[in-house]
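Dear colleague,

Please find below the structure that I promised to pass on to you. My notes on it follow directly after it.

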Amino acid sequence: RTVYVNGEYVPEEEAKISVFDRGFLFADGVYEVTSVLDGKLVDFAGHMTRLDRSLNELGMKRPVDDAQMEAIHRELIVQNELEEGMIYLQVTRGAADRDFAYPSEDTPPSLVLFTQSKPLVDTAASQNGIKVAFVDDIRWGRRDIKTVQLLAPSMCKMAAKAQGADDAWMVEEEHVTEGTSNNAYIVTKSGTIVTRNLSNSILHGITRAAVLRLAAESQMKVEERPFTPEEAKDAAEAFVTAASSFVQPVVEIDGVTLGDGKPGPIAKRLREIYIAEAR
Ligand code: PDD
């Protein structure tokens, strides 16, 4: 693979980042994952808007402007002949002597991007649905900032896997926050889509925004509010959304099979129209 590191396109074996990089020492960095479908970027503008927000919240500088950022994405797609998969982008506060205080303003930020080829449309998980299990949400209080400190969700995912599930639905104060790398939705038995409202408790998903717009355009009923694990287990169907999986049906929650155990009609419909629009 060819990757991008601070202005250069290099083979992945030759890519270098300082051991003093604050991303490495303090997880002092933010990231974005943009999906690529048929060689094209999906919802690129949305990811750039959220990147700006994450950078602003942390008082970090933007290394290059949107146009350059798009050019780097496109160059990586071409150089790696990427048809379907993702592009990962990471900005950190750069390299400086280890100190809890931020380094001086003139410290250049680090910018790294790489591609990941992966089927997104025809996947077993989207055909069969996934299983989720409830796990305590042990993350920090600013989940709206897309930082690279991902150990807590990684631990939550492993705890869910230890219970035989594919992913965790993290729970805080008796309500579901989100999945470890996706937003969570249930569909009630009366057909209403319920997903947690935006706040500092969850990441403001770019796929979430698109899916809620498509649901409204399709006259589906949506409620943005926290829901409980009990409501989830009693749901007619469920799904998660993320750039890396689009709309992914959930067929089992904490050992309880939803409906007939197959992906539900609303999840399937939203997945179809999301992919149709992305293409
Ligand atoms: N994760 N919630 C969390 C905690 C996430 O990490 C993500 C994305 C989402 C969905 O956001 P979006 O629709 O903008 O991808 C929600 C990326 C894909 C990842 O970490 O790989």
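The C-alpha centres of domain 1 and domain 2 lie 26 Å apart, where the domain assignment of the chain, which is automatic or taken from a database, gives domain 1 as 2–117 and domain 2 as 124–278. Please keep in mind that this is a predicted model, in which local features need pLDDT of at least 70 and side-chain atom pairs count only at pLDDT 80 or more, while totals for chains, interfaces and linings use all residues. Residues are numbered from 1 along each chain as its sequence is written.

Between the domains, 20 residues of domain 1 are in contact with 12 residues of domain 2 (contact: C-beta atoms, placed from the backbone, within 7 Å). On the domain 1 side, β3 (29–37), α2 (44–57) and β5 (85–92) each supply at least two residues, with the largest share, 8 residues, coming from β3. Helices (H or I, at least four residues) and strands (E, at least two) are DSSP runs, numbered from the N terminus. By class, this side of domain 1 divides into 8 nonpolar, 8 polar and 4 charged residues (Ala, Val, Leu, Ile, Met, Phe, Trp, Tyr, Cys and Pro count as nonpolar, Asp, Glu, Lys and Arg as charged, and the others, Gly among them, as polar).

The largest nonpolar core has 59 residues, of which V132 and A238 touch the most other members. Both domain 1 and domain 2 give residues to this core, so it lies between them. Such a core is a set of buried Ala, Val, Leu, Ile, Met, Phe, Trp, Tyr and Cys residues joined through C-beta atoms within 7 Å, and buried means that 20 or more other C-beta atoms lie within 10 Å of the residue's own. Leaving aside residues up to four places away in sequence, V132 touches, among others, A160, W169, V250 and I253.

**The sheet**

An open sheet is formed by 6 strands in the order β2-β1-β6-β5-β3-β4, with antiparallel pairing (a pair needs at least two DSSP bridges). β2 (8–11) and β4 (40–41) stand at the edges with a single partner strand each, so one side of each is left without a neighbour in the sheet. β5 and β6 (residues 110–117) pair over 8 bridges, and Q90 stands opposite V112 in β6.

**Around the ligand**

The shell around the ligand has 14 residues, of which L203, G205, I206, T207 and A243 come nearest (near: C-beta atom, placed from the backbone, within 6 Å). α6 (206–217) and β13 (237–242) each give two or more residues to this shell, and α6 gives the most, with 3 residues.

With best regards

Terms used: Buried ≥ 20, exposed ≤ 12 C-beta atoms within 10 Å, placed from the backbone. Contact = placed C-beta atoms within 7 Å.
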